[in-house]
Amino acid sequence: MARDGAVSVEELLARREPGRSLEAPFYTSREVFDLDMKLIFHRHWIFVAVEAEIPEAGDYVTVEIGTTSVIVVRDDDMNVAAFHNVCRHRGARMLTEPSGVVGKIVCPYHQWTYELDGSLIHAEHMGAGFDRTCHSLKRVNVRSLAGLLYICLADEPPADFDALAEAMTPYLAPHRLAETKVAASIDLIEEGNWKLTMENNRECYHCATNHPELTVSLFEYGFGFAPDDADTDRAAAMEAYERICAEFETRWTREGVPFAEIDRLHGCATGFRTQRLAIDRAGESQTMDTRSACKRLLGSLSEPRLGGLSFWTQPNAWHHLMADHAVTFSAIPLSPDRTLVRTRWLVHRDAVEGVDYDVDNLTEVWRNTNEQDAALVAIGQKGVSSPAYVPGPYSPYTEGLVEKFCAWYVERLSSALSSTSAETAPRAL
Amino acid sequence: MARDGAVSVEELLARREPGRSLEAPFYTSREVFDLDMKLIFHRHWIFVAVEAEIPEAGDYVTVEIGTTSVIVVRDDDMNVAAFHNVCRHRGARMLTEPSGVVGKIVCPYHQWTYELDGSLIHAEHMGAGFDRTCHSLKRVNVRSLAGLLYICLADEPPADFDALAEAMTPYLAPHRLAETKVAASIDLIEEGNWKLTMENNRECYHCATNHPELTVSLFEYGFGFAPDDADTDRAAAMEAYERICAEFETRWTREGVPFAEIDRLHGCATGFRTQRLAIDRAGESQTMDTRSACKRLLGSLSEPRLGGLSFWTQPNAWHHLMADHAVTFSAIPLSPDRTLVRTRWLVHRDAVEGVDYDVDNLTEVWRNTNEQDAALVAIGQKGVSSPAYVPGPYSPYTEGLVEKFCAWYVERLSSALSSTSAETAPRAL
Amino acid sequence: MARDGAVSVEELLARREPGRSLEAPFYTSREVFDLDMKLIFHRHWIFVAVEAEIPEAGDYVTVEIGTTSVIVVRDDDMNVAAFHNVCRHRGARMLTEPSGVVGKIVCPYHQWTYELDGSLIHAEHMGAGFDRTCHSLKRVNVRSLAGLLYICLADEPPADFDALAEAMTPYLAPHRLAETKVAASIDLIEEGNWKLTMENNRECYHCATNHPELTVSLFEYGFGFAPDDADTDRAAAMEAYERICAEFETRWTREGVPFAEIDRLHGCATGFRTQRLAIDRAGESQTMDTRSACKRLLGSLSEPRLGGLSFWTQPNAWHHLMADHAVTFSAIPLSPDRTLVRTRWLVHRDAVEGVDYDVDNLTEVWRNTNEQDAALVAIGQKGVSSPAYVPGPYSPYTEGLVEKFCAWYVERLSSALSSTSAETAPRAL
Ligand code: FES
Ligand code: FES
Ligand code: FES
Ligand SMILES: [Fe+3]
Ligand SMILES: [Fe+3]
Ligand SMILES: [Fe+3]
């Protein structure tokens with residue numbers, strides 16, 4: 001690499017041109033990937049699961065971020081706790097299923113046994129001098145935001161999660177996500193860098209041509225159109241859209257659900273954005289017929305025509321909450337050119353499959369949309385891997401949030417790198 | 001790597017012993033592979049396709065060299081053009097099929113649309129300040145040599161392609177490759193470094209034992225035999241071979257096809273060699289019965305007993321042109337230990353499958369021969385990967401062209417490295 | 001890697017805490033793996049095969065250690081010889097099957113032909129100046145220890161193999177392994193570093209819960225139990241165990257088989273340990289019914305109730321010899337996180353399958369036990385790959401031999417590194 005004058009990551013960050021896609025190494029290099037894992041995914045709040053997956057004491061899910069495996073478990077006090085999935089004896093991974101129920105956490109290797117608060121309560125043959133209290137499971141920070149579970153692998157997580165929680169709770173509360181159940185969950189591996197997954201998510205410039213199912217319910221106008229491109233037909237359509245938005249605002253006000261846009265994507269670790277958006281036609285849900293997919297509405301909502309609350313968090317998640325169901329998405333980097341996208345569909349926990357909802361109908365839009373996006377991310381990765389690739393310009397209209405994502409990323413990585421270089425060195429190789 | 005005193009590539013090149021196979025890192029190291037891609041495959045003329053694949057305007061093939069993807073297309077003026085397959089917006093790979101037909105090149109991501117001359121003619125939502133003329137597709141140099149298409153990824157390609165074209169056109173012209181069609185095409189991945197593929201191609205020391213199909217038509221004597229090894233039987237056979245060669249020369253002279261050997265494998269970027277060779281038995285074609293595989297002869301040829309014109313180009317191609325059909329081969333490195341060998345069989349464009357030729361019969365010899373060679377390349381790669389491997393001696397008789405290939409490679413890499421080290425550094429990571 | 005202050009392997013070795021598992025890079029890093037291959041597996045005596053696999057002249061097996069392939073062959077004088085499986089011409093791997101019979105070793109590429117003593121006897125086309133005597137196959141050191149074949153890839157192998165042979169021959173001799181045949185052989189790939197495979201092998205702390213088949217015949221008390229953990233039941237069981245051991249010692253003395261424990265795991269290159277162990281219930285064999293799996297006993301043994309002679313060699317092998325059969329195991333590193341475990345079951349060479357023994361019955365215990373161990377090694381590897389992993393304490397009772405394995409490894413790698421740094425540099429890249 002150094003042969004022809006390597007450009008350092010610091011230099012690449014410093015010379016990044018706002019308004020353009022990133023230089024190739026950000027999408028392709030192993031060094032940048034390792035930094036992304038260490039400085040972004042190990043130091044920020046990462047959306048990984050929903051409370052609805054672990055309703056009872058002992059219910060757990062395991063979550064993998066890089067080579068780190070974390071147990072997220074409902075403990076005996078009904079709180080959500082998180083621990084590194086690493087035995088304190090010889091380090092074995094203890095829980096190997098994606099989810100399950102346990103009374104205690106027992107390592108399968110030599111049966112060291114831990115309580116759900118992480119304390120070691122049994123370790124045979126260790127002799128008199130052995131102190132069990134020094135061998136508790138290592139805790140991981142975990143926070144529930146109205147039922148959405150975020151973990152932070154750093155010892156000192158960003159403090160601004162409180163500000164996020166304060167701002168977002170009123171928006172999320174009416175949907176009562178903690179009282180839902182997971183009706184469906186799909187893992188999809190996209191053949192591209194996680195930042196291409198996120199950039200793809202942050203714009204709808206590509207929707208009209210690529211997402212036939214999604215655009216039944218979605219007004220792409222909501223994502224910014226160039227005024228000079230607007231022809232007469234489009235001008236009329238946009239005017240109609242404005243009228244519909246006004247109707248939705250009246251309804252939101254009547255139902256008491258907050259809808260003011262919040263955009264804190266700049267200058268903070270836990271960047272986020274929310275927007276309540278109108279839905280086309282019947283106006284109820286992101287489904288093929290734009291009507292509710294679940295008869296039982298979320299929480300105590302009674303008005304199905306609420307449109308959708310979209311909520312995006314940096315670095316890796318987005319969520320759409322409607323009156324009848326919610327869809328949550330997380331992107332987890334697997335390698336410089338592979339990313340896991342996990343999608344969960346949530347319905348009221350008392351809704352009955354086959355009676356209140358049909359899984360195929362519930363998932364049809366995003367199942368297809370995700371696969372279409374995966375194909376776009378894959379051609380994006382292939383393209384930026386070419387030596388001929390140079391960063392191109394984002395549309396100032398339809399790609400504003402892509403630029404905000406990149407700006408946040410560059411800002412966070414730069415600041416982490418400058419603080420890291422001052423640290424003394426941890427372990428390596 | 002540096003732990004026990006790494007030897008630099010420069011040092012390995014400098015100490016290379018003529019007449020012996022290369023040291024192991026040339027076949028196994030990632031660093032050498034990256035240099036091979038950058039300094040050999042991105043700076044020389046690379047055979048990638050034939051005109052016969054893209055006869056009509058809008059016909060295209062995509063070609064991948066490393067992570068570079070190139071569109072080779074017949075443009076609206078019926079010329080062959082080549083472009084990087086990278087959208088100037090956010091870099092997506094645009095054409096994802098190996099071949100097809102297009103009116104314009106439309107990026108599937110956000111529909112930026114390019115003419116077949118590379119100019120951007122449509123890009124929505126980019127606003128008033130956006131200058132389309134700055135966002136044309138990047139051109140790639142492309143040359144047709146009597147229907148054989150070579151590209152060069154460097155901005156300034158080696159100038160000596162002209163000399164090659166001048167020398168070779170008279171030899172190739174009678175076969176009129178531009179007026180052929182591709183009757184069959186097979187991709188084979190060899191489990192070895194591309195230089196082992198090329199070395200294997202440049203000798204016939206291994207033919208007698210390994211290629212039962214090929215040696216039906218091929219005189220291995222043509223590739224150099226050690227005189228002191230010749231026993232009485234072999235001496236008689238070689239004498240017979242000389243007589244047959246003389247007969248072929250008479251015929252070539254009568255038909256007006258040039259046959260003087262040309263060997264420019266030294267001291268030039270675009271090294272090549274040609275030789276018109278007798279064919280055994282019926283003398284017509286590299287087939288199992290040594291007779292023409294296609295009734296319709298190429299161009300306006302009427303004499304089927306023309307033997308075969310062999311034409312080799314550095315770094316990655318070889319071709320055999322007979323009266324009835326031609327076979328072209330290209331080797332494209334995939335990784336230090338994997339190489340794609342693409343073989344195409346060409347017949348007169350008016351020949352009718354099932355009437356004039358049978359694909360199985362046409363391809364039988366090289367289909368089998370390629371697979372046999374792939375097995376040899378694979379054991380070669382395994383062997384040179386052993387720490388016990390040391391370069392061994394080439395036969396001065398049967399491996400002269402292997403030595404010439406290695407000498408050309410060492411010369412080109414050395415000269416590229418010395419000129420590169422003087423450059424200022426491009427981008428890296 | 002160097003970004004955040006890389007810790008060198010030397011430093012990791014120096015700071016290793018006795019009594020705890022190794023730091024993560026020893027199990028996960030490519031650099032350590034390369035050093036393990038070079039300094040451990042290329043400089044020590046490695047168990048690779050048994051004489052029983054090559055009873056006749058010309059019988060061979062091929063053995064792969066990293067990228068090195070070795071031919072182990074019974075030569076024309078009925079001695080065991082070993083050669084690098086690399087042709088001296090252009091380096092091809094010559095014998096590609098795991099085993100077979102040859103008269104001479106003929107390279108498939110250009111038919112260079114070698115005698116079973118490694119001398120080159122035929123190489124066509126090489127001309128008058130070519131000296132065949134300079135192109136013999138490269139020899140590899142090989143030693144038979146009572147039928148167990150060890151090779152050493154270094155030019156100067158550790159001299160202490162003689163001491164091993166002197167000590168162990170009396171123990172092994174009664175089982176006459178050279179007069180056995182391989183009744184079954186299974187290759188299993190464990191998804192973990194080779195040292196995790198070895199650590200797993202060196203303790204039985206995990207046996208009670210994980211090995212239902214093995215613990216039918218095996219007394220886990222033999223591997224060390226914590227006294228303070230002993231409850232009344234266990235104390236009674238251990239007392240019973242002591243009585244049974246005394247009975248076995250009487251029998252071993254009567255049969256004239258040595259049984260004193262030898263433990264030379266410290267301060268020597270060719271570390272080893274042996275112990276003759278009682279077998280539970282019928283006391284005969286590591287089978288599901290603890291009775292002999294083969295009616296024909298090994299050598300001239302007539303007493304089936306001999307328990308089992310266990311024999312462990314550093315770095316990579318273990319063996320269990322009973323009256324009726326023997327099982328040998330070798331572990332060969334494939335990559336930092338993959339290890340080949342090869343298991344062979346040996347019976348008297350005159351035993352008849354279906355009459356004297358049944359392969360399923362013979363292999364049932366270790367077939368299952370190996371798969372159980374593979375699962376444990378895999379969760380071990382996953383766990384130590386987490387950034388949250390820290391070395392944990394070994395049990396002073398049940399994991400003493402794990403500590404001895406690690407201590408030997410650290411000692412050998414440290415001493416090799418300090419001697420290597422003084423050397424001049426061999427080839428690199
Ligand atoms: S590794 Fe968990 S109990 Fe031993
Ligand atoms: S990447 Fe091609 S149009 Fe956007
Ligand atoms: S490589 Fe073995 S004979 Fe040529
Ligand atoms: Fe999309
Ligand atoms: Fe060949
Ligand atoms: Fe075990």
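Entry 1. Which residue does A:Val327 stand opposite in strand 17 of chain A? I worked on a predicted model throughout. I looked up the pairing and found that A:Val327 stands opposite A:Trp345.

Entry 2. I then followed the strand pairing behind that position. Strand 16 of chain A covers residues 326-335 and pairs with strand 17 of chain A in the antiparallel sense, over nine bridges.

Entry 3. I next asked how many bridges join strand 11 of chain A to strand 17 of chain A. I noted ten bridges, with strand 11 (residues 180-190) and strand 17 running antiparallel. Within this pairing I looked up A:Thr180, whose bridge partner in strand 17 of chain A is A:His348.

Entry 4. Is strand 17 of chain A mostly covered or mostly open? I recorded it as mostly covered, since nine of the eleven residues in 338-348 are buried. I kept a general point beside this entry: side chains in a regular strand alternate between the two faces of the sheet.

Entry 5. I turned to the domain assignment. Chain A is given domain 1, made of 1-44 + 161-429, and domain 2, made of 46-157. Taken over C-alpha atoms, the centres of domain 1 and domain 2 of chain A are separated by 29 Å. I found 31 residues of domain 1 in contact with 21 residues of domain 2.

Entry 6. I looked up the area buried between domain 1 and domain 2 of chain A: it is about 2,100 Å², and carbon and sulfur atoms give 68% of it. On the domain 1 side, A:His42, A:Phe161 and A:Arg344 lose the most area to domain 2, together 27% of what that side buries.

Entry 7. The rule finds two salt bridges across it. I also noted a salt bridge between the side chains of A:Asp162 and A:Arg143, at 3.0 Å from N to O.

Entry 8. Which elements give two or more residues to the side of domain 1 that touches domain 2? I listed helix 3 (30-41), helix 4 (161-172), strand 11, strand 14 (308-313), strand 15 (317-321), strand 16 and strand 17 of chain A. Helix 4 of chain A gives the most to that side, with seven residues.

Definitions and conventions:
Residues numbered from 1 in each chain as written. Chains lettered and ligands numbered in written order. Predicted model: local features only at pLDDT ≥ 70, side-chain atom pairs only at ≥ 80, totals over all residues. Heavy atoms only, no water. Buried < 20%, exposed > 50% of the residue type's maximum accessible area, 1.4 Å probe, protein only. Helix = DSSP H or I, 4+ residues; strand = E, 2+ residues; numbered from the N terminus. Pairing = 2+ DSSP bridges. Domains from an automatic or database assignment. Contact = heavy atoms within 4.5 Å. Buried area = accessible area lost by both parts, 1.4 Å probe. Salt bridge = Lys/Arg side-chain N within 4 Å of Asp/Glu carboxyl O.
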